[in-house]
Amino acid sequence: MNRAYTLIENANLVLESGILWDGSLLIKDGKITAYGKPNEINAPSDAYRIDAKGAYVGPGFIDIHVHGGGGYSTSHDTEKAGKFFLSHGTTSFLATPVYSMPFDEFLTSIKEIKAAMPKTPNVRGMYMEGPYMNPKYGSNAHKNPWRHPLDPKEYKALVDEAGEHARVWAIAPEREGLLPFLEYARKVNPSVLFAVGHSEALPDEIRALGAYRPAIQTHSMNATGRRPVGGGLRGYGPDEYSWKDPEIYTEMISDSLGVHVNRDMQQLLIHTKGIHRVILITDSTNPDAPNPPEYAHVPDLNYDDRGGIAGSAITMEQACKNVMTHTNCGIAQAFIMASLNPARVLGMHNERGSIALGKIADLVFVDDRFNVKNVMLGGEICKF
């Protein structure tokens with residue numbers, strides 16, 4: 001048997017353009033070399049063959065914003081968390097420290113993630129949710145220690161430790177003294193992205209960031225606010241700014257009941273931004289406290305000790321199923337939001353995020369309800 005080649009047969013291939021029914025996909029040395037109808041694929045007769053048994057085969061999920069799941073933290077148990085999410089089809093993720101950690105713990109979490117990265121093949125870096133966001137917003141806001149003015153000694157230590165592994169820094173543009181931090185973060189890592197998160201920033205405050213304006217909005221419609229205006233008028237905050245700006249990618253959490261984002265608002269977000277500017281995230285956490293009584297029966301929501309929403313307990317295949325339920329989008333569109341769009345914003349789209357020639361064969365096999373059947377990382381079927 002020629003293990004340099006792997007042929008996936010009897011698959012419904014999820015392409016950016018739609019579904020290729022009854023397709024085949026050829027992999028050589030971990031990369032996609034051909035796909036199409038069976039009679040279009042010139043595979044060696046001794047290639048290793050995988051029968052997909054009619055499953056949908058699409059690009060592995062890319063979760064850019066995830067704190068933990070399965071009892072494991074992506075900051076402190078990165079390797080174990082990586083295995084947990086890989087078993088749910090997430091072949092790439094950004095480990096996300098918790099924004100309410102004090103300085104010493106924040107710095108330690110960065111070090112622990114870096115130490116775990118060589119042993120965690122699906123971690124691609126870090127999403128730094130904070131610490132320089134608006135402390136009024138987010139779960140456990142009463143515990144947020146980052147209310148003091150920005151201290152160069154603190155932020156330089158965090159930026160230096162994270163280095164090029166910090167792919168995204170989420171910030172609130174209304175924070176005073178923010179520009180020197182942004183300048184330093186970009187100096188240390190010229191490709192770093194900024195996200196507007198946990199914020200009530202006015203449009204002018206976002207525009208004032210100039211070259212450091214955000215490329216992403218952190219979990220749209222969650223932990224955002226609008227400053228009051230007189231006369232009963234509606235304010236204009238970071239949600240509205242991000243919906244209007246055609247260049248910004250907006251993150252969206254789609255839980256089973258539409259608690260994070262109401263189903264009508266999910267539909268509005270996709271309608272406003274377009275399918276190619278919405279990024280599904282899990283914002284998955286490990287629970288701090290029991291759910292409030294009215295949500296005690298809901299397994300995919302987490303709450304803090306004051307009854308505030310504290311992230312989700314979903315995995316990415318569940319997010320895909322939920323967004324299809326809430327918005328009536330199709331399977332191919334769900335994969336675009338869960339794979340291609342996050343790959344694009346991170347600059348990984350030439351290697352990952354869709355089924356295309358030359359891309360790394362990070363793949364997930366799912367049924368029509370997004371139950372994961374198999375996961376492939378770098379052309380190899382994963383064993384769990």
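A residue counts as partly exposed when its relative accessible area falls between the buried range, under 20%, and the exposed range, over 50%. The legends below describe close-up views of a predicted model.

**View A. Asp22, a residue with positive phi in strand β2**. Asp22 belongs to strand β2, which covers residues 18–28. Its phi is positive, about 55 degrees, although Asp22 is not a glycine. The relative accessibility of Asp22 is 48%, so this residue counts as partly exposed.

**View B. Asn328, a residue with positive phi in a loop**. Asn328 is located in the loop between α8 (316–327) and α9 (331–345). Although Asn328 is a residue other than glycine, its phi is positive, near 65 degrees. Asn328 counts as exposed because its relative accessibility is 71%.

**View C. The cis peptide bond between Gly130 and Pro131**. The peptide bond that joins Gly130 and Pro131 is cis, with omega at about 10 degrees. Pro131 is situated in the loop between β10 (123–129) and α3 (152–162).

View D. When its neighbours within four places in sequence are left aside, Asn222 is in contact with Ile253, His260 and Val261. For His260, the backbone oxygen lies 2.9 Å from a polar atom of the Asn222 side chain.

Terms used
Residues are numbered from 1 along each chain as its sequence is written. This is a predicted model: local features need pLDDT of at least 70, side-chain atom pairs count only at pLDDT 80 or more; totals for chains, interfaces and linings use all residues. Side-chain values use heavy atoms; hydrogens and water are left out. A polar contact is a pair of N or O atoms within 3.5 Å; within protein, one must be able to donate a hydrogen and the other to accept it, and residues adjacent in sequence count only if both atoms are side-chain atoms. Contact means heavy atoms within 4.5 Å. Helices (H or I, at least four residues) and strands (E, at least two) are DSSP runs, numbered from the N terminus. Buried means under 20% relative accessible area, exposed over 50%, partly exposed in between (1.4 Å probe, protein chains only).
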